[in-house]
Amino acid sequence: MIAFGFGEVLGGWITGIVIDKYGCKTASIKNVFLTALMTSVTLFCINVNKYSITTFIMCFVWGYMDGSLNIHCHSIMGF
């Protein structure tokens with residue numbers, strides 16, 4: 001869960017920078033890429049079926065995507 005927390009903080013911070021510099025459209029494309037990355041990492045971890053470093057990478061990517069999507073949704077809604 002520590003990896004998830006680091007990913008969430010980093011994802012929110014980087015997405016905020018992307019939205020400020022390049023706009024919401026670029027952040028949307030980034031989020032589509034992150035969703036594909038999260039799906040592929042998760043499927044890889046399911047196939048490995050072992051507790052290893054890939055488990056921490058998967059948690060980090062989940063957190064990164066969660067933080068990124070939260071910041072993006074809040075910026076679209078105007079909060």
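Predicted model: local features only at pLDDT ≥ 70, side-chain atom pairs only at ≥ 80, totals over all residues.
**Overview. The protein has three helices and zero strands.** From the N terminus on, its elements run α-α-α. Helices (H or I, at least four residues) and strands (E, at least two) are DSSP runs, numbered from the N terminus. The C-alpha atoms fill a box of roughly 40 × 20 × 20 Å, taken along the principal axes. Of the 79 residues, 34% are buried. Buried means under 20% relative accessible area, exposed over 50%, and partly exposed in between (1.4 Å probe, protein chains only).

**View 1. Helix α2 packs with helix α3 at roughly 155 degrees.** Helix α2 spans residues 24-48, and helix α3 spans residues 53-77. Their axes come within 9 Å. Axes are lines fitted to C-alpha atoms, for helices over the stretch in contact; angles run from 0 to 180 degrees between N-to-C directions. The crossing angle makes α2 roughly antiparallel to α3. Angles under 35 degrees count as roughly parallel, over 145 as roughly antiparallel, 65 to 115 as roughly perpendicular and the rest as oblique. α2 passes α3 in a left-handed crossing. A crossing is left-handed if the near helix is turned anticlockwise from the far one by less than a right angle, and right-handed if clockwise.

**View 2. Helices α1 and α3 pack at about 40 degrees.** Their axes are 6 Å apart. The two helices are therefore oblique to each other. Their crossing is right-handed.

**View 3. A nonpolar patch lies on the surface.** I2, F6, L10, W13, I17 and F60 form this patch. Together they have about 630 Å² of accessible area. Accessible areas come from the Shrake-Rupley method with a 1.4 Å probe; for residues, only the protein chains shown count as cover. Like charges are joined within 9 Å, nonpolar side chains (Val, Leu, Ile, Met, Phe, Trp, Tyr) within 5 Å. Helix α1 (residues 2-22) gives the largest share, five residues. W13 lies in α1. W13 is exposed, because its relative accessible area is 56%.

**View 4. C73 lies in helix α3.** C73 is partly exposed, with a relative accessible area of 42%. C73 and C24 are 49 residues apart in sequence. In space they are 9.8 Å apart, C-alpha to C-alpha.

**Notes.** Residues are numbered from 1 along each chain as its sequence is written, and side-chain values use heavy atoms, leaving out hydrogens and water. Local features need pLDDT of at least 70 and side-chain atom pairs count only at pLDDT 80 or more, while totals for chains, interfaces and linings use all residues.

Note on methods. Patch = residues over 30% accessible without salt bridge, like charges linked within 9 Å, V, L, I, M, F, W, Y side chains within 5 Å. Salt bridge = Lys/Arg side-chain N within 4 Å of Asp/Glu carboxyl O.
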